[in-house]
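User: I've got a model open and I'd like to talk it through. Can you take my questions as they come?

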Amino acid sequence: MVQFHALGLLYHIRSGDRLAVNKLVQKWSKSSLRSPFATCYLIRLAAKLIEEDEAGAESPLFQFIESCLRHKCEMVIYEAASAIVRLPNITSSELSPAISVLQLFCSSPKPSLRFAAVRTLNKVSMKHPQAITSCNVDLEQLITDQNRSIATLAITTLLKTGAESSVERLMKQISTFVNEISDEFKVVVIEAIRSLCARYPRKHA
């Protein structure tokens, strides 16, 4: 935690000087931080700089974030994957390593990781549905997850990425427990169905 607080303080001191912030992030991205919390914070700072500079995959900071996908700590790996998928000008090919990591997390024994992965994939499906079709088998397995939030997100993601032939089956499955989920997830379901109607108007009719 000491490194995390130290990095946060350094950023706060230099936050008014963009060049100084850039140098700070560049310096520490080349070092091996021991604290996973500090590494996560550094990933967020790097992603912010990439977004502000409208930089692409050739940026050293992007390469740093991508390297964090191979970190030993799951928290850091997820933070890196989440940062990559949130970048505004990301392409499907640049998304691929992050999607692969999230796909692995979908089969994690930890509910928190499964939830984080499927929620992030759900967000990706709104802009890059084709990028996550490789995860459909893993998402199908989450439909029966005991955690209704995970199951709901899995189904709504599949509604955006799955084939037309699977629509009716998915709709039947979600109707069995829609009354048990929170309003937040009901909104997610409605948005998925609206997207579905646009993709397959015959099903809507």
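Predicted model: local features only at pLDDT ≥ 70, side-chain atom pairs only at ≥ 80, totals over all residues.

User: Where is Leu 33 found?
Analyst: Leu 33 is in the loop between H2 and H3. Helices here are DSSP runs of H or I with at least four residues, strands are runs of E with at least two, and both are numbered from the N terminus.

User: Which residues does Leu 33 touch?
Analyst: Leaving out residues up to four places away in sequence, Leu 33 touches Gln 3, Trp 28, Ala 38, Thr 39 and Leu 42. Contact means heavy atoms within 4.5 Å. Also, Leu 33 and Phe 4 are 29 residues apart in sequence, and their C-alpha atoms are 9.2 Å apart in space.

User: Zoom out for me. How many helices and strands are there in the chain?
Analyst: The chain has 12 helices and 0 strands.

User: And how much of the chain is buried?
Analyst: Of its 205 residues, 45% count as buried. Take the contacts with a separation of 6 or more: residues 24 or more positions apart account for 61% of them.

User: Now Ser 29. Which helix is it in?
Analyst: Ser 29 is in helix H2, which covers residues 18-29. Ser 29 is buried, at 16% relative accessible area.

User: What does the side chain of Ser 29 reach?
Analyst: It reaches the backbone oxygen of Gln 26, at 2.8 Å. That is a polar contact: a pair of N or O atoms within 3.5 Å. Within protein, one atom must be able to donate a hydrogen and the other to accept it, and residues adjacent in sequence count only if both atoms are side-chain atoms.

User: What else is Ser 29 in contact with?
Analyst: Setting aside neighbours within four places in sequence, Ser 29 is in contact with Leu 42, Leu 61 and Phe 64.

User: Which residues are buried in helix H4?
Analyst: In H4 (residues 60-67), Leu 61, Phe 62, Phe 64 and Ile 65 are buried. Down the axis of H4, its buried residues fall within an arc of 155 degrees, so they line one face of the helix. The arc is that of the directions from the helix axis to the C-beta atoms.

User: What covers the buried residues of H4?
Analyst: The cover includes H2, H3 (36-53), H5 (74-86) and H6 (92-105).

User: And what happens at the start of H4?
Analyst: A side-chain oxygen of Ser 59 comes to within 3.2 Å of the backbone nitrogen of Leu 61.

User: New topic. How many salt bridges does the structure hold?
Analyst: It holds 5 salt bridges. A salt bridge is a side-chain nitrogen of Lys or Arg within 4 Å of a carboxyl oxygen of Asp or Glu.

User: Which side chain does Glu 79 meet in a salt bridge?
Analyst: Glu 79 meets Arg 44, at 2.9 Å from N to O. This pair links distant parts of the chain, with Glu 79 in helix H5 and Arg 44 in helix H3, 35 residues apart. Glu 79 is buried at 8% relative accessible area, while Arg 44 is exposed at 51%.

User: What about Lys 110? Which residue does it meet?
Analyst: Lys 110 and Glu 74 form a salt bridge at 2.7 Å, N to O. Lys 110 sits in the loop between H6 and H7 (111-127), and Glu 74 is in helix H5, 36 residues apart. Lys 110 is partly exposed at 42%, and Glu 74 is partly exposed at 34%.

User: Are Asp 145 and Arg 114 buried or exposed?
Analyst: Both are buried. They form a salt bridge too, with the closest N and O atoms 2.8 Å apart.

User: Last one. How do the axes of H5 and H7 cross?
Analyst: They cross at roughly 10 degrees and come within 10 Å. The axes are lines fitted to C-alpha atoms, for helices over the stretch in contact, with angles from 0 to 180 degrees between N-to-C directions. H5 and H7 are therefore roughly parallel to each other. Angles under 35 degrees count as roughly parallel, over 145 as roughly antiparallel, 65 to 115 as roughly perpendicular and the rest as oblique.

User: Which residues meet there?
Analyst: Glu 74, Tyr 78 and Val 85 in H5 meet Leu 113, Ala 116, Ala 117, Thr 120 and Val 124 in H7.

Key:
Residues numbered from 1 in each chain as written. Heavy atoms only, no water. Buried < 20%, exposed > 50% of the residue type's maximum accessible area, 1.4 Å probe, protein only.
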